[in-house]
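Good morning, colleagues. Please bring up the sequence and the model on your screens, and I shall take you through a few of the contacts.

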Amino acid sequence: MLRIRPALLAAAAVALAVLSPAAQAQSVPAEQRQAIEQVVREYLLKHPEVIVEAIEELQKRERAEEERKGKQGLVQNKDKLFNDPASPIAGNPKGDVTLVEFFDYQCGYCKSVQADVQKLIKDDGKLKFVFKEFPILGPASVTASKAALAARAQGKYEAYHNALMAHRGQLDEATILKLASSVGLDTDRLKKDMESAEVQQALGANLALAEQLGIRGTPGFVVGDRIVPGAIKLDDMKKLVAEARKG
């Protein structure tokens, strides 16, 4: 009588699920494959929880691998992350700790943490804050990020960034330019600067950097050697900065 342990059954189930039929045909004779599939099927019908366990284990391993790659990417790209002159900064340019945020102007979660980010920058005189435009939520997001980066040429990046973050509702080009005008930007110059090679390169570099770090959503924070996906509260930001400060 053939005996297969539950762990092996789970592994076989995952393997059978991910292998293509062609690959299965090449590696296992048809009769043996059918016998294994039948045993696995019968076991899983009696113990469906094994599927959940196998999926959870697979997801755990994938998360661990993503975290490993992200940390490796951080080590390899520290200068691009913390000291890229194409990325606007706030706070203390010579701060002892640098906090980086990847964000999108149409991201509700990014807007929800904006007040906490501003308070952190205001209250911590030793913090350097780096803005990483990461427009992943559609064409309007790209337009807004291009406009924000172009605003640097007129010395109004931070004011414009705050106005875009404060806006509620959908963004379109007319709204983006209206907000630009509201903070004193020359919109004719802005539209020209938005198409500059420098702006295009900065956005491209941010997208490539996010890929290296495994950041696929917004907001995404980086401080010290930590990559923190998702929205976080002010107390959590302070804790991360304090930990980075300790080294």
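In this predicted model, the structure holds five aromatic pairs. Let me begin with Phe102 and Phe134. The centres of their rings are 5.8 Å apart and their planes stand at 85°, so this pair is edge-to-face; the angle required for that class is over 60 degrees. Where do the two residues of this pair lie? Phe102 belongs to strand β2, residues 97–103, while Phe134 sits in the loop between β3 (127–133) and α7 (139–150), so the pair ties together parts that are 32 residues apart in sequence. Are these two residues buried or exposed? Phe102 is buried, with a relative accessible area of 0%. Phe134 is likewise buried, its relative accessible area being 4%.

A further aromatic pair is formed by Phe129 and Phe131. It is edge-to-face, with 5.0 Å from centre to centre and 70° between the planes. Phe129 and Phe131 are both buried. They also belong to one aromatic cluster, together with Phe103, Tyr105 and Tyr157.

I turn now to a pair of helices. Helix α8 covers residues 157–166, and helix α9 covers residues 173–182. Their axes come within 9 Å and cross at roughly 135°. The crossing in which α8 passes α9 is right-handed.

Which residues meet there? From α8 come Tyr160, Ala163 and Leu164, and from α9 come Ile176, Leu179 and Ala180. Of the residues in this contact of α8 with α9, six are nonpolar, none is polar and none is charged.

Let me stay with helix α9 for one more residue, Leu177, which lies in it. Leu177 has a relative accessibility of 17% and so counts as buried, the limit being under 20%. What does Leu177 touch, leaving aside its neighbours within four places in sequence? Its contacts are Thr187, Leu190 and Lys191. As for Thr143, that residue is 34 residues from Leu177 along the chain, and the C-alpha atoms of the two are separated by 9.9 Å.

To close, I would ask you to keep two items in view: the edge-to-face pair of Phe102 and Phe134, and the right-handed crossing of α8 and α9. Thank you for your attention.

Methods: Residues are numbered from 1 along each chain as its sequence is written. This is a predicted model: local features need pLDDT of at least 70, side-chain atom pairs count only at pLDDT 80 or more; totals for chains, interfaces and linings use all residues. Side-chain values use heavy atoms; hydrogens and water are left out. Axes are lines fitted to C-alpha atoms, for helices over the stretch in contact, and angles run from 0 to 180 degrees between N-to-C directions. Helices (H or I, at least four residues) and strands (E, at least two) are DSSP runs, numbered from the N terminus. A crossing is left-handed if the near helix is turned anticlockwise from the far one by less than a right angle, and right-handed if clockwise. Contact means heavy atoms within 4.5 Å. Ala, Val, Leu, Ile, Met, Phe, Trp, Tyr, Cys and Pro count as nonpolar, Asp, Glu, Lys and Arg as charged, and the others, Gly among them, as polar. Rings of Phe, Tyr and Trp (its six-membered ring) pair if their centres lie within 6.5 Å; planes under 30 degrees apart count as stacked, over 60 as edge-to-face and the rest as tilted. Buried means under 20% relative accessible area, exposed over 50%, partly exposed in between (1.4 Å probe, protein chains only).
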